[in-house]
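Hello,

Please look through it first, and then read my notes on what was found.

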Amino acid sequence: MRIRILFLSLGITLLCILLFSIGSTQVYYNSSITETENALKVYVNAFDGTVYPKDSEGANAFSEKLNGVRVTFMDGNGKVLGDSRAEEIDSDHSDREEVVKAIRDGEGFAVRSSSTLGDNMVYYCKKTADGTLVRLAVSTPSEWTLFARTLPTLAMYIGIDVILCLVLSFVATYFILNPVKTLAGDASMDEVKTKYSELEPITEILNERNRNIKRQMKALEEDKELILEARASKDEFIANVTHEMNTPLTSIRGYAELLENGGLSEKQKTAAYATISAQSERLTNLIACIINYSQIEADDLPSYEVDFSGLAKEIVEALRPEAEKSGVRLIPEIEDNVLVTSRNERVREILGNLTRNAIKYNRPGGTVRIILNHNLLAVEDTGIGIAEENKDKVFSRFFTVDKSHGGKNGGFGLGLAVVKKICQKSGWKISLESTLGVGSKFIIEF
Ligand code: ADP
């Protein structure tokens, strides 16, 4: 960059210096010609024909008077009568430019290159009162001679120019590159700033690039977290499924071995068969629940408008016998024409699971209130309630408060996980209010 600035500034300034010196030489040359012409005019006007005879002698005398200016006398047709330099007498000058003009107009002026190298001759010729012609001539330096004379000065200026351009290139690169170097140093900062408006486009590019990198890093970070979460979730799911399957399988194998070994009483045999049958059913249920959960998780079917009011009334009626069996009263508070964007099977799954739980984890004589309006669905029971520390956990897969899986209620802990998954897919918000021993209220806001 420095070399480029140096050559550029040097090139421009050298060209300027050269053009300026050629121009000023030209101006100087022109003005010197004009001055010479004026001087010659003055000399000719001072010529007195009575003092100087119009022959070579007179010409020499007049020339001497004029400090060596060449003097030529000619008759009215340009024939030489006398000349201060050894010009042939009688030679014809009628074709010379200044002579032609003087014969025609009374006076003539001409500049011609001289035989002397690098000089020009300035001629001025005038017709006198008696019709003869007087011509004066002086040599003057040509444009090139003048230009050549300026060369030493020119060389000095070029030398100064080179030094100045060198300094300029150093100073310019320092002032241009320093802010850029600072920018390069700051490039990794969150917000790159500059006080130079010319560099603002660069800072904008850097800042935009930084923002993009940040966005991409964040996205990568999120992706990484999602992958890790998914991996952990898959491992946990497999562990839970294995655990849930192990219990009934161990029981089935144990009783089957007892039966195989023989020696059991009839009563013991009946009990063994009953256990094997119950555990097999539990296994079948577990597999059905897992398949259902996986299907809902993978389900990407399109949503449509669902008549939640109609479905809710249907579900409540379907669960009434189960509630009555448990001594629980269902109280539907269902508004008409509640339409939601979802799928029938998803809505059934949500309300079915919440209501079944509310019956299952209730007490005899308890109630289950099912509230549905245009903003929300709430299922409120007067059951055993959920402890504060379990409020989030109940939505996790395979979480049950009663850890004895074959226990009273025998659930696998997948119901609320399914409800939460469906809410996520529909963009609904699920929350839980519960007091241990008083009851629970699951609220879904559409
Ligand atoms: P499951 O009922 O099959 O065990 P869920 O996922 O439906 O599985 O419920 C997870 C756990 O949350 C249940 O085991 C139960 O302990 C608790 N739970 C769910 N609903 C209620 C409720 N209405 N009242 C009290 N506890 C509940």
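Helices (H or I, at least four residues) and strands (E, at least two) are DSSP runs, numbered from the N terminus. This is a predicted model, in which local features need pLDDT of at least 70 and side-chain atom pairs count only at pLDDT 80 or more, while totals for chains, interfaces and linings use all residues. Residues are numbered from 1 along each chain as its sequence is written, and side-chain values use heavy atoms, with hydrogens and water left out.

The axes of H1 (residues 2-45) and H4 (residues 143-186) come within 8 Å and cross at roughly 155°; axes are lines fitted to C-alpha atoms, for helices over the stretch in contact, and angles run from 0 to 180 degrees between N-to-C directions. H1 and H4 are therefore roughly antiparallel to each other, the word for angles over 145 degrees, where under 35 is roughly parallel, 65 to 115 roughly perpendicular and the rest oblique. By class, their contact has 21 nonpolar, eight polar and three charged residues (Ala, Val, Leu, Ile, Met, Phe, Trp, Tyr, Cys and Pro count as nonpolar, Asp, Glu, Lys and Arg as charged, and the others, Gly among them, as polar).

The axes of H5 (residues 200-261) and H6 (residues 266-298) come within 9 Å and cross at roughly 160°, which makes H5 roughly antiparallel to H6. H5 passes H6 in a left-handed crossing, and the contact of H5 with H6 has 17 nonpolar, four polar and three charged residues.

Turning to the ligand, the shell around it has eleven nonpolar, seven polar and two charged residues, and H8 supplies the largest share, three residues. Helix H8 (344-360), helix H9 (415-426) and strand E12 (439-445) each supply at least two residues of that shell. A backbone N or O atom of leucine 416 lies 2.8 Å from an oxygen atom of the ligand, and one of glycine 413 lies 3.3 Å from an oxygen atom of the ligand.

Best wishes

Key
A crossing is left-handed if the near helix is turned anticlockwise from the far one by less than a right angle, and right-handed if clockwise. A polar contact is a pair of N or O atoms within 3.5 Å; within protein, one must be able to donate a hydrogen and the other to accept it, and residues adjacent in sequence count only if both atoms are side-chain atoms.
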